[in-house]
Amino acid sequence: MIKTEKILHLNSSKGRKVRVVREHYVREQVPCGSSLCQAHCHNVGKVLSSDVTHYVVPDVGVVRDFLEILEFRELQGVILTQTVYQNIQHSRGRRIHNRLRTLLKDPRHDCVLFANEFQQYCYCPREKGENVYSAAVWYHHHLAGLQPVVMITEDSDAISHFKLQAAHDLYSSIAQTLLERENEGGEKVYTEHLPAEVLEAGIKSGRYIQGILSVNKHRAQHEAFVRYEGSASKNTELNSDVLVSGVKHRNRAVHGDMVVIELMPRNEWKGRTMALTEGQGEERALEDTQSQPMPTGRVVGVLQRNWRDYVVTFPPLEEVQTQGRNALKILVVPWDYRVPKIRISTQQAEALQEQRVIVRLDSWESTSLYPNGHVVRVLGKAGDPETEIQTILLENCIHVSAFSEAQLREMPVNSKEKPWQVSSSEASSRKDLRNSHLVFSIDPKGCEDVDDTLSVRRLPGGKRLELGVHIADVTHFVREGSLTDLEARSRATTYYLADRRYDMLPPVLSADLCSLLGGVDRYAMSVLWELDAETLDVCTVWYGRTLIRSSYQLHYELAQSLLNGEQVEVPELKDLKDSLRDQKLAELLLALETLTRVARHLRAQRDKGGALELEGVEVRAQLDEKKNITALVPKQPLEVHETVAECMIYANHWVARKIQESFPHQALLRHHPAPKQEFFNPLIDSAKARGFSIDTRSNRALADSLERAVDPQDPLVNRLLRMMATQAMSNALYFSTGSCPEEHYYHYGLALERYTHFTSPIRRYADVIVHRLLMAAVRLETEGALAGNKELEELARHINDKNRAAQQAQKQSTELFQCLYFRDKDFLTDERCQADAVVYAVRANGFLAFVPQYGLKGAVYLKDREGRVLGVDAEGQCEWTSGTLQKYCDRISTCTSAGTHSFHLFDHVTVRISVEPSRCHADRLHLELISNRPHGSLQPETQTAARGRSEMVQEVMRRAEDKSRRPKLNKEEKQFRQSKTPNLYVLLQEIGELSLLDLSRCETGTE
Amino acid sequence: MAITELSALLKGMAGLELLSEQGYRLDGRKAGELRKLQARMSVFAQADGSAYLEQGNTKVLAVVYGPHETRGSRAKSLHDRAVINCQFSMATFSTAERKRRPHGDRKSSEMSLHLKQTFEAAVLTQLYPRSQIDIYVKILQADGSNYSACVNAATLALVDAGIPLRDYVCACTAGFVEDTALADLCHVEESGGGTALALALLPCSGNIALVQMDSRLHQDHLDKLMEAAAKACQDLSKVLDGVVRRHLEEVSDLTKH
């Protein structure tokens, strides 16, 4: 090593120029990262492949401006020098630097970092100019001319080397923007942001507030809120959000940015607008329509930009031309309402008409009204379902590319010629349950990825039952740190859209080797409980890896029919002799019955703790949509759903307990924080309108009072109340136990002290982590080091984000398909476009309604833009006339020449559903009131269905009352030591037969 | 991608990337490598012993007087061994910003005390009862690991003064970044906010003369860190030994002629 010195001029903390001398050591041996290396460099990690035509050494300017081009995977053999890397770090900020880091880390990219500044022959003292050139020369010598080395500088000739059309376009688009940036000037539209030091000092002293800006979707122009973060400020009155009103005060911040705001004096505080605007229906209902002035502030600086790629649509050509002198610059409209229009310079405007285009933001100068951006990629024609789906994915930051070859190469093979087999070493190290246990799975019909199987048996001696939950052993196939693991980690979950799904794991695993199919040997992770046969108390628990063979792959309907004692054919037993079949069937039936009994016991236990029947509501609405829109067979909630879900919850709970005990600081659990009381206000108020009182002090009280709040006339009331209760809830979240105090571990909805996800590793990455933790907890030895608390917390956050994105995408895709469904129908004539709706909230200029038939929620206006209101005539038909509108707390009245009419909460009305097309955004459904009578009375053919339905529902009501007595019966059962209580069983079976148990949840275990 | 971004964010808050992914530190060294060490002995004729030492850009002058009778009050003297008196100071021009450094401020008196404790463990003080040995150390340029450089310089000065020592006293600081121990921290690394441990070792016996650490460190990592520091001290001792031998050769050459 040779020591040299470098002299830097830095700014000291007091702002003075300081001369700093730092040592700098250079050496001869610096790994080159090339597989062609002749000098036996000690290369670790990524190595450049040898089968490229040349290596590329970009210089600082190129990387700075054209990083996006380098991000193309087609570009191989890129050598980034340390000089470039550090320059980017200093000059372009953390975000760009991180992108560079990911690029270098990503094993899929063929690029390496070369520490040229530490190489003796490449090192040049820091002066004006570049020392990248000497690095390129060094490479040339080092590789003995085996590979041509190309150095790129900002020179368009060099770009033509790439021979990539996309890169070309991108290049021109970026170059255009750069050009623009240079000749910009003019007056300032916005105030300048304050320098970072001032901001930091201001935050510390409590003068400024730091937070993430979120723009109101419905009033993107005017309203934005800053979620108040942290406890740095002593300002105690500030426990709510801070309003940022208007674009001026928002000062160039974009939705999602981390901003610093300054509070304005109290006399300038404003309230939020409360009237309905378009599409507000699905928003969380706000507590009050009166808008009290709330803390208002203005943005003084942006700490961290959180810009992502945005999908935009170009305006029609005519509009472009009217812009006159800036013919080259086009204002495009983002798909997301919350994002401002983006100014783009492009010559391809004509070609991009009617297309959805991905745009990246570059900058937002204080002189410009709109941010500048450039075109990255064209998605496709607007309005095309495929394009719209891609748009939804992109807007939710979901990146799903096909699994790469390298990933698939890691996978085991299972083909006809080469069937996959259980390896003998694995078989010996696992507990073999193939012959000792009757294992079966119950899933929806046609399910490919069977995550979970169950077993139950009476242990010899008869005193104890053994309940087993066997989960696909994904971690056996997906080793930590493998490419598949990395991919699964970045996806975090399988994405279910309305018409398709994007798997987290390659199909060979998710649908085959990990899937616990019937009749084949599979690896599993099992939890086995020994329960007391009488009291069903847990005696011992065993966790570990097992080898199973599922005997029956049942579906819910089949299992339920078996339980009901109906004569059904089990496909697995078709070919057997009668006597054998009967024997097998009896065995299976016994297992199912025992399982049901255990599940009921578990459920009763949780009910005592205050478990809520809420979470199913939202899912059920989506099922309704699915049923109606894609005309699927309706999935009916059966008791067996609950049975399976209960076992899964139980397994999750016990695994959570185990890993939390073993790793008190680094276990991944899932908690559901108790909701804030004020979120319950709309629920309480609505319930009051119908004379119910809702007690929200605890989950137990809430569950009980929701159970009571049943209107025998209208079952929808209860359903809507439950829906509102669900809206008041916060989301359940993953967290690492080390970063959360123990009292926050509680799962509010399930009423469990500890909860995690363990049972679906095929479609959730959190479960994979939990599997690894559990294995480490059981075996004590681990394959690799476990993730620390910090790392796990980051991961939990990542998974939470992705889950939210997945939910959002699912919701948006469902909405998309709803729109597609209604788009082809003539809304004036088609009967399907008229439906019954229930009022569930009132607003200043209309009300929010729920359409049970389609599971839609939406706003219904009683006042249009011209100020006319909707009057109701004697026949109940509605018409737009002039009049006034009066809002009360439980009703809204229209007063017109025809008379006065009030719409009360939970009133049934008839609405017409139409599609409101939108050029730049997603299409929306529009609800229009056509009658104040329930829809059913007008339509004879639907009337019968409606009546039949209501009858059934009424019967369910009765059953629901029976059901509420269930825990009591169970207690008696315990008290009198009745091993089997046929009367209770028959009772519940009846509910099952009805198969319209509207209140039961079907997806709890899988959420 | 979000994960790496987050971790980078956390790192970014801590400031510079002290250890790159390829294993280079900011100045181009690898984790276990020392800075360049240069030293000369007998730089002053008046003193009984003196040495000048450069450890990277940290430059130290050490001067030793004694053993001599205790100056001032008799009460300070010990009847069975010598008293070691250390004084540490920094030149006004030793850091990037010029700063007046009065004697007896908290930092330098703490450093003096540390030095005193270190050398009480190494010097055979019982050979000189009722006497005193003075060690004066001055930092001319501070660029991290000040304590270690002082100890190393003072060792050379003591050798130069001919005071019997149990062994060389070699000191080195080590830090801990992302599961890796860094030997011989420079100023940027020290001020980066991470852990720094100073270790003074008697290399032949492996006895520890002094170990000092102010910051927090997980217990599991302590062994690793100590090991790295000890290894660095062993390496240093070879260099110091070389300096002493070369000095002796020079001196004997001079006396020959």
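Reader: Let's start with residues 276–290 of chain A, where pLDDT stays under 50: how many contacts beyond four places in sequence does the model have for them?
Author: Bear in mind that this is a predicted model, where local features need pLDDT of at least 70, side-chain atom pairs count only at pLDDT 80 or more, and totals for chains, interfaces and linings use all residues. Residues are numbered from 1 along each chain as its sequence is written, chains are lettered from A and ligands numbered from 1 in the order written, and side-chain values use heavy atoms, leaving out hydrogens and water. pLDDT is the predictor's confidence in each residue, from 0 to 100, and a contact means heavy atoms within 4.5 Å. For residues 276–290, where pLDDT is under 50, the contact count is 49.

Reader: And for residues 937–1007 of chain A, how many contacts beyond near neighbours in sequence?
Author: The pLDDT is below 50 over this stretch too. Beyond near neighbours in sequence, its contacts in the model number 97.

Reader: What is the mean pLDDT of chain A?
Author: In chain A, 76% of the residues reach 70 or more. The chain's mean pLDDT is 73.

Reader: Which residues touch the most other members of the largest nonpolar core?
Author: A nonpolar core is a set of buried Ala, Val, Leu, Ile, Met, Phe, Trp, Tyr and Cys residues joined through side-chain atoms within 4.5 Å. Buried means under 20% relative accessible area, exposed over 50%, and partly exposed in between, using a 1.4 Å probe and protein chains only. In soluble globular proteins, nonpolar side chains tend to be buried together. The largest core here has 88 residues, and those touching the most other members are A:F440, A:I442, A:W529, A:L554, A:L668 and A:F758.

Reader: How many residues are in the second, separate core?
Author: Among the members of this core are B:V64, B:M111, B:I133 and B:A181. Its residue count is 62.

Reader: A:W529 and A:Y650 form an aromatic pair, but what is the angle between the planes?
Author: Rings of Phe, Tyr and Trp (its six-membered ring) pair if their centres lie within 6.5 Å; planes under 30 degrees apart count as stacked, over 60 as edge-to-face and the rest as tilted. The whole structure has eight aromatic pairs over all chains. In this one, which is tilted, the centres are 5.0 Å apart and the angle is 35 degrees.

Reader: Is A:K802 buried or exposed, and which side chain of opposite charge is nearest?
Author: A:K802 belongs to helix α24 (residues 789–823) of chain A. Lys and Arg count as positive and Asp and Glu as negative, with His and the chain ends not counted, while a salt bridge needs a side-chain nitrogen of Lys or Arg within 4 Å of a carboxyl oxygen of Asp or Glu. Beyond four places in sequence, A:K802 is in contact with residues including A:C397, A:S490 and A:Y495. A:K802 is buried and has no salt bridge; at 8.1 Å, the nearest side chain of opposite charge is A:D801.

Reader: Why does A:G446 count as exposed?
Author: A:G446 is in the loop between β18 and β19 of chain A. It counts as exposed because its relative accessibility is 73%.

How values were computed: Helices (H or I, at least four residues) and strands (E, at least two) are DSSP runs, numbered from the N terminus.
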